[in-house]
Amino acid sequence: MDIGGHSLHVACLGKGRPTVILDAGLGGTSRDWGLVQARLAAHARVCAYDRAGMGHSDPGPEPRSPARIAAELRRLLKAAGVPGPYVLVAHSLSGKSARLFAAAYPEDVAGMVLVDARSEKIDAATHPEEAEAFVAALKRQAVLLTLARKLGLVRLLGSILTDEPGLPPGAATEMALLQTQPQSLRATASEGRARSMDNAALNGASLGAIPLVVIAAGD
């Protein structure tokens, strides 16, 4: 779906309102939600989308900051005719863009679920050298995954790379191939570099009366 200059992929299942919007974490695609979306679709309208550069979506303008991602999501939902209000379900880094979306467009948000979401407070406690090491690690990972893809290892070991044993082998392989395509690796690195850009805005962002559920891993 064209949102003005580039297109984003969105796939919806089920019926009902409010509409559930699923957003994957750093390096993820709409395919990450395959098992979840299928089950939720029995009770609601559920849409999973690919951020710019990820999965089936076109690359988008830089920087790939949480605020830009939030604005692009709203344009996508309007262009695709996906009716609100929305329940935003965001994993890891996408928790930042979901919170900014809710702060900017509270009338469009009926609720939010944050799944192991990253906080700006973590960034504030992260030493600059550690932040630089993270970006460098993303670059090394991209080199290794590019090589693995050229050698056919991604297709061979897709289920291991995705680390989702409940997926059928074909779906796991497709996930791995989407995540390791060149544009996805570039988008992942870009989002990683820009992940702290909007921390000041997040510090002041309020959900008001929007219902919130936080899911965090115990281990």
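The dialogue below treats the overall fold, the pockets and the aromatic contacts.

Modeller: This is a predicted model, in which local features need pLDDT of at least 70 and side-chain atom pairs count only at pLDDT 80 or more, while totals for chains, interfaces and linings use all residues. Residues are numbered from 1 along each chain as its sequence is written, and side-chain values use heavy atoms, with hydrogens and water left out.

Biologist: How many helices and strands are in the protein chain?

Modeller: Helices (H or I, at least four residues) and strands (E, at least two) are DSSP runs, numbered from the N terminus. The protein chain has ten helices and six strands.

Biologist: What radius of gyration does the protein chain have?

Modeller: The radius is taken over C-alpha atoms, and the globule rule is 2.2 Å times the number of residues to the power 0.38. For 219 residues a compact globule would come near 17 Å, and the protein chain agrees, with 17 Å. Along the principal axes, its C-alpha atoms fill a box of roughly 50 × 40 × 40 Å.

Biologist: What percentage of the residues count as buried?

Modeller: Buried means under 20% relative accessible area, exposed over 50%, and partly exposed in between (1.4 Å probe, protein chains only). In the protein chain, 44% of the 219 residues count as buried. Leu156, in helix H6 (residues 153–156), counts as exposed because its relative accessibility is 64%.

Biologist: What volume does the largest pocket have?

Modeller: Rolling a probe the size of a water molecule over the atoms shows where empty space is left. On a 1 Å grid over the protein atoms alone, a pocket is an open set of points where a 1.4 Å probe fits, with protein on both sides within 12 Å along at least five of seven lines; lining residues have an atom within 4 Å of a point. Grid points are joined across faces, edges and corners, and a volume is the space filled by probe spheres set on the points. The largest pocket has a volume of about 700 Å³. It is lined by 27 residues, of which Leu26, Gly27, Gly28, Asp32 and Gln179 are the closest to its centre. Helix H5 (128–150) gives the largest share of this lining, four residues.

Biologist: Which classes of residue form the lining of the largest pocket?

Modeller: Ala, Val, Leu, Ile, Met, Phe, Trp, Tyr, Cys and Pro count as nonpolar, Asp, Glu, Lys and Arg as charged, and the others, Gly among them, as polar. The lining of the largest pocket has twelve nonpolar, ten polar and five charged residues. The second largest pocket, of about 180 Å³, is lined by five nonpolar, five polar and one charged residue. Its lining includes His9, Arg31 and Met175.

Biologist: How many aromatic pairs does the structure hold?

Modeller: Rings of Phe, Tyr and Trp (its six-membered ring) pair if their centres lie within 6.5 Å; planes under 30 degrees apart count as stacked, over 60 as edge-to-face and the rest as tilted. The structure holds two such pairs. Tyr86 and Phe101 are edge-to-face because their planes lie at 75 degrees, with the ring centres 6.4 Å apart. Tyr86 belongs to strand S4 (residues 86–91) and Phe101 to helix H3 (residues 94–104). Tyr86 is buried at 2% relative accessibility, and Phe101 is buried at 1%. Phe101 also pairs edge-to-face with Tyr105, at 5.1 Å centre to centre and 70 degrees between the planes.
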